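Please consider the structure shown here. The briefing covers its pocket, its surface, its charged pairs and its backbone.

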Amino acid sequence: MRQHPEGPRGPAEVVDGNAIAGSLRALLETDATVVVVECAHCGASAPMATAVVEVDERAAIVRCRGCTRTLFTVLRHDERVELRIAAVASLSTPPA
């Protein structure tokens, strides 16, 4: 098992993406409207449902209600959905 030489809390193990599947499941299986989005530009933090969205047939541009910066863009093409993250500092499940 490899270790990253120095992390903020000492050496960290280096593993593949399977290691975070459980953590991401908690976030991705949550109702998207209640996921808390933090803007990397102004620091505002609010549920996704309160964001401002510009939408057309192919894209949805999600903007911070506080500063109007683009948080992320959802694109639909070739029957696929693509997420392009811009100014998202964090996504988190709502407080219990």
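The points that follow are grouped by topic.

This is a predicted model, in which local features need pLDDT of at least 70 and side-chain atom pairs count only at pLDDT 80 or more, while totals for chains, interfaces and linings use all residues. Residues are numbered from 1 along each chain as its sequence is written, and side-chain values use heavy atoms, with hydrogens and water left out.

**The largest pocket**

- The largest pocket has a volume of about 330 Å³; a pocket is an open set of points on a 1 Å grid over the protein atoms alone, where a 1.4 Å probe fits, with protein on both sides within 12 Å along at least five of seven lines.
- Its lining comprises 14 residues, and L28, M48, F72, L83 and L91 lie nearest the centre; lining residues have an atom within 4 Å of a point.
- At least two lining residues come from each of α1, β6 (59–63), β7 (70–77), β8 (80–85) and β9 (88–92), where helices (H or I, at least four residues) and strands (E, at least two) are DSSP runs numbered from the N terminus.
- The lining divides into 13 nonpolar residues, 1 polar residue and no charged residues.

**A nonpolar surface patch**

- I20, L24 and L28 form a nonpolar patch on the surface, with about 300 Å² of accessible area together; such patches are made of residues with over 30% relative accessible area and no salt bridge, their nonpolar side chains being joined within 5 Å.
- L24 belongs to helix α1 (residues 21–28).
- L24 counts as partly exposed because its relative accessibility is 38%; buried means under 20%, exposed over 50%, and partly exposed in between, with a 1.4 Å probe and protein chains only.

**Salt bridges**

- Side chains of opposite charge can pair when their charged atoms come close.
- A search of the whole structure finds 3 salt bridges, each defined as a side-chain nitrogen of Lys or Arg within 4 Å of a carboxyl oxygen of Asp or Glu.
- R25 and E29 form one of them, at 3.9 Å from N to O; R25 is partly exposed at 48% relative accessibility, whereas E29 is exposed at 63%.
- E54 pairs with R63 at 2.8 Å, N to O; E54 is partly exposed at 39%, and R63 is partly exposed at 22%.
- E82 pairs with R84 at 2.6 Å, N to O; E82 is partly exposed at 22%, and R84 is partly exposed at 47%.

**Positive phi angles in loops**

- T68, although not a glycine, has a positive phi of about 70° and lies in the loop between β6 and β7.
- E79, also not a glycine, has a positive phi of about 60°; E79 is located in the loop between β7 and β8 and is exposed, with 86% relative accessibility.

Terms used: Patches are made of residues with over 30% relative accessible area and no salt bridge: like charges are joined within 9 Å, nonpolar side chains (Val, Leu, Ile, Met, Phe, Trp, Tyr) within 5 Å. Accessible areas come from the Shrake-Rupley method with a 1.4 Å probe; for residues, only the protein chains shown count as cover. Grid points are joined across faces, edges and corners, and a volume is the space filled by probe spheres set on the points. Ala, Val, Leu, Ile, Met, Phe, Trp, Tyr, Cys and Pro count as nonpolar, Asp, Glu, Lys and Arg as charged, and the others, Gly among them, as polar.
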